[in-house]
Amino acid sequence: MSHSPLWSLVLAVHLIGMAAWVGGMMYAVFVLRPSLSLLDPTQRASVHLQTLNRFFRIVWHSMPMVLVTGWLMIFHEGGFATVGWQINLMQLLGLVMALVFARIYFGPYQKARRALRPQPSIFDSIRAQILMNIGLGVVTIVAASLAHPF
């Protein structure tokens, strides 16, 4: 890839978006969720929903930003046929992560938002799918690392 400031900025935006997305999922599952057990069930559901709402707004901005900057860098290098398998794997995993996020957002998250008293099982479903997306995100980061020249 050309080492111009523009492409460095595109890469920086790509990395910041992934850091926000994967880091936010790790925070939600490994920090927030256990801490919510200190609250009574009504407060727990309310805080959980408010936190997910804020985080999902971030993902709705960072996810397309990550995909578009990734595509820009791929096309700058000559397209999908000219980049290594690691980059193509990263692309595939990013799209799968986006689909999992959409499934969470339009499925159990909307069900929780509409419920008068969301059941813990809804949040368990969200957590399980976010855990899957964390795994995909980690594998995506590993694939990116494998593509680096050193």
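This is a guided tour of the structure above, stop by stop.

**Before you start**

You are looking at a predicted model, in which local features need pLDDT of at least 70 and side-chain atom pairs count only at pLDDT 80 or more, while totals for chains, interfaces and linings use all residues. Residues are numbered from 1 along each chain as its sequence is written, and side-chain values use heavy atoms, with hydrogens and water left out.

**Stop 1: the whole protein**

Begin with a cartoon view. Helices here are DSSP runs of H or I with at least four residues, strands are runs of E with at least two, and both are numbered from the N terminus. Colour them one by one: H1 is 5–36, H2 is 41–76, H3 is 85–114 and H4 is 120–147.

Along the principal axes, the C-alpha atoms fill a box of roughly 55 × 25 × 25 Å. Of the 150 residues, 38% count as buried; buried means under 20% relative accessible area, exposed over 50%, and partly exposed in between, with a 1.4 Å probe and protein chains only. Among contacts with a separation of 6 or more, 79% join residues 24 or more positions apart, where contact means heavy atoms within 4.5 Å.

**Stop 2: the annotated span**

Now select residues 50–145. UniProt, in an unreviewed entry, places the feature "domain: Copper resistance protein D" here. UniProt positions are given in the numbering used here, feature names are shortened, and annotations may be inferred rather than shown by experiment. The span is 86% helix and 0% strand, and its end C-alpha atoms lie 34 Å apart.

**Stop 3: the nonpolar core**

Next, show side chains for Trp21, Met25, Phe56, Ile126 and Ile130. Of the 29 residues in the largest nonpolar core, these touch the most other members. H1, H2, H3 and H4 each supply at least two residues of this core. A nonpolar core is a set of buried Ala, Val, Leu, Ile, Met, Phe, Trp, Tyr and Cys residues joined through side-chain atoms within 4.5 Å.

Zoom in on Met25. Which residues is Met25 in contact with, leaving aside its neighbours within four places in sequence? They are Phe55, Met97, Ile130, Asn133 and Ile134.

Then move to Ser62 in helix H2. Ser62 counts as buried because its relative accessibility is 4%. Not counting residues up to four places away in sequence, Ser62 touches Gly17 and Trp21.

**Stop 4: the two cavities**

The structure holds two cavities of 30 Å³ or more. On a 1 Å grid over the protein atoms alone, a cavity is a set of points where a 1.4 Å probe fits but cannot get out, a pocket is an open set with protein on both sides within 12 Å along at least five of seven lines, and lining residues have an atom within 4 Å of a point. Grid points are joined across faces, edges and corners, and a volume is the space filled by probe spheres set on the points.

For the largest cavity, about 70 Å³ in volume, select Ala28, Val29, Arg33, His48, Leu52, Phe123, Ile126, Arg127 and Ile130. H4 gives the largest share of this lining, four residues. By class, the lining has six nonpolar, one polar and two charged residues. Ala, Val, Leu, Ile, Met, Phe, Trp, Tyr, Cys and Pro count as nonpolar, Asp, Glu, Lys and Arg as charged, and the others, Gly among them, as polar.

The second largest cavity has a volume of about 40 Å³. Select Trp21, Met25, Phe55, Phe56, Val59, Phe101, Ile104, Ile130 and Asn133 to see its lining. Which helix gives the largest share of the lining of the second largest cavity? That is H2, with three residues. This lining has eight nonpolar, one polar and no charged residues.

**Stop 5**

Finish with the open spaces. The largest pocket has a volume of about 960 Å³. Of its 29 lining residues, select Leu11, Met73, Ile87, Met90 and Ala144, the closest to its centre. The lining divides into 18 nonpolar, ten polar and one charged.

The second largest pocket holds about 280 Å³ of space. Of its 15 lining residues, Pro41, Ala45, Pro118, Pro120 and Phe123 are the closest to its centre. H2 gives the most to this lining, with six residues. By class, the lining divides into seven nonpolar, four polar and four charged.
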